[in-house]
Amino acid sequence: MELATASAKDLCRDRRGAFSILFTFVFFFLLIIGLNFVINVGGRVAPVVVIDSSVAQGAEMADELDSAGIIVVEDGKDAAANVAIAPAKGGVAVLLDADANPEWLAVAAAVERTGTAYTVTDTDGEVWIDLLRANLAALSCIGLLAITFIGTSVPLTRMRENGTLRLLGTTPASKFTFIAALTPSRVVFALFVIVTIHATSVILGYSQFWQLLRLLVTMFLGVAMFFALAYLLASRTRRAETVNNVAAVLPVMAIFASGSVLPPQLIPEPVAWVFNCLPTTWYMRAAAADLAGDAASEGLLFLYWGLMLATTVVAAVLAARLFVWDDRER
């Protein structure tokens, strides 16, 4: 308790360090919100929807659209319609009038509430996606990696570099106790990321209640795993600058490796296999199952949970055993 309290006080005094822990997450979060608004909301006209009579759940979709305040016109009287919903393989296709440029996010949300899969394209053949929803899993990963690596590995390594750990090594505190004591003050920042992601998902209707519960499990497992890996990285490293460089590029590497940026078909099979073995990929795909409606990841959710739990245990044990107070212990 004394070590945990001292660590929290030290973090509070280091305002620059506390700011940098959340800066990366907040910056990218606001950036994606801004891009999503500019691309999918700003300058668009109100949607007027026509539902093809052959759509199986057409009546239910019409009710959902009406409850959302969206105008629905009858099939065959679609002169004023700028959004058409038609049957497609595996669900429905939401077709936008490219000339009218209608707002479509609320339409897609209403369709999803009926449990129907959908794709969104316009009459020019361009595919549209909700940028915020597609990137929420990546944003949560960026935030948690910044907290655990920039906010934990770097300060811990700096303590070894400036000799603080050498002094702590003369106290009765065990290595595992010291490592564990650094965690509570950082968990507060992790909770901020978790609450922000959950609140966004609830407000925008991305996830159902049961999905939010699964997402909570995924994010807590991700926090534990990233902390364990961060402590393992800092267990013997002496130069804080080296760890800082690794922590800076890690989120970018994680996003590219997850497959959310580069289409899987463009990645060579051996490289894709390596990417699939990365802990960050397991986390992002598990989170995407409940944030982005990724059906493929949802089928492997328990596998990802098991892999994250096993990685957490192994990394934590190795971090405690390999941790050194000073280079002279090597």
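**The buried residues of helix H3 pack against strands S1 (48-51), S2 (71-73), S3 (83-88) and S4 (91-96), and against helix H4 (105-112).** The model is predicted: local features need pLDDT of at least 70, side-chain atom pairs count only at pLDDT 80 or more, and totals for chains, interfaces and linings use all residues. Residues are numbered from 1 along each chain as its sequence is written, and side-chain values use heavy atoms, with hydrogens and water left out. Helices (H or I, at least four residues) and strands (E, at least two) are DSSP runs, numbered from the N terminus. Contact means heavy atoms within 4.5 Å. H3 covers residues 58-67, and Gly58, Met61, Glu64 and Leu65 are buried there (under 20% relative accessible area; exposed is over 50%, partly exposed in between; 1.4 Å probe, protein chains only). Seen down the axis of H3, these buried residues fall within an arc of 125°, so they line one face of the helix. The arc is that of the directions from the helix axis to the C-beta atoms. What does the face turned away from the buried side of H3 carry? It carries the exposed residues Ala59, Asp63, Asp66 and Ser67. After H3 comes Gly69, with a positive phi near 80°.

**Five strands form an open sheet in the order S2-S1-S3-S4-S5.** The pairing is mixed. Strands pair if DSSP finds at least two bridges between them. Which strands stand at the edges? S2 and S5 (118-122) do, each with a single partner strand, so one side of each is left without a neighbour in the sheet. Neighbouring strands are turned by 30° against each other on average, direction ignored. S1 and S3 pair in the parallel sense, over three bridges. Val50 stands opposite Ala84 in S3. H3 lies across S1, S2, S3 and S4 and runs at about 165° to S1. Axes are lines fitted to C-alpha atoms, for helices over the stretch in contact, and angles run from 0 to 180 degrees between N-to-C directions.

**Thr114 lies in the loop between H4 and S5.** Is Thr114 buried or exposed? Thr114 is buried, with a relative accessible area of 7%. Not counting residues up to four places away in sequence, Thr114 touches Gln57, Glu60, Met61 and Glu64. Met61 and Glu64 are also among the buried residues of H3.

**Seven aromatic pairs are counted in the model.** Phe25 and Phe29 form a stacked pair, 5.7 Å centre to centre with 25° between the planes. Rings of Phe, Tyr and Trp (its six-membered ring) pair if their centres lie within 6.5 Å; planes under 30 degrees apart count as stacked, over 60 as edge-to-face and the rest as tilted. Both Phe25 and Phe29 belong to helix H2 (residues 15-40), four residues apart, about one turn of the helix. An α-helix has 3.6 residues a turn, so residues three or four places apart point the same way. Phe25 and Phe29 are both buried. Phe23, Phe27 and Phe28 form one aromatic cluster.

**Phe226 and Tyr283 form an edge-to-face aromatic pair.** Their rings are 5.5 Å apart centre to centre, with 65° between the planes. Phe226 lies in helix H9 (residues 209-234) and Tyr283 in helix H12 (residues 279-291), so the pair ties together parts that are 57 residues apart in sequence. Phe226 counts as buried, at 0% relative accessibility. Tyr283 is buried too, with a relative accessible area of 0%.

**The charged end of Arg44 sits over the ring of Trp128.** The distance to the ring centre is 4.5 Å. The rule asks for NZ of Lys or CZ of Arg within 6 Å of the ring centre and within 35 degrees of the ring normal. Over which ring does the charged end of Arg160 sit? It sits over the ring of Phe323, 5.2 Å from its centre.

**Ile150 is found in helix H5 (residues 131-161).** Not counting residues up to four places away in sequence, Ile150 touches Ser20, Leu145, Pro155 and Ala247. The C-alpha atoms of Ile150 and Val243 are separated by 8.1 Å. Along the chain, Ile150 and Val243 are 93 residues apart.

**The whole protein holds 14 helices and five strands.** Its C-alpha trace spans about 85 × 40 × 30 Å along the principal axes. Of the 330 residues, 43% count as buried. Among contacts with a separation of 6 or more, 78% come from residues 24 or more positions apart.
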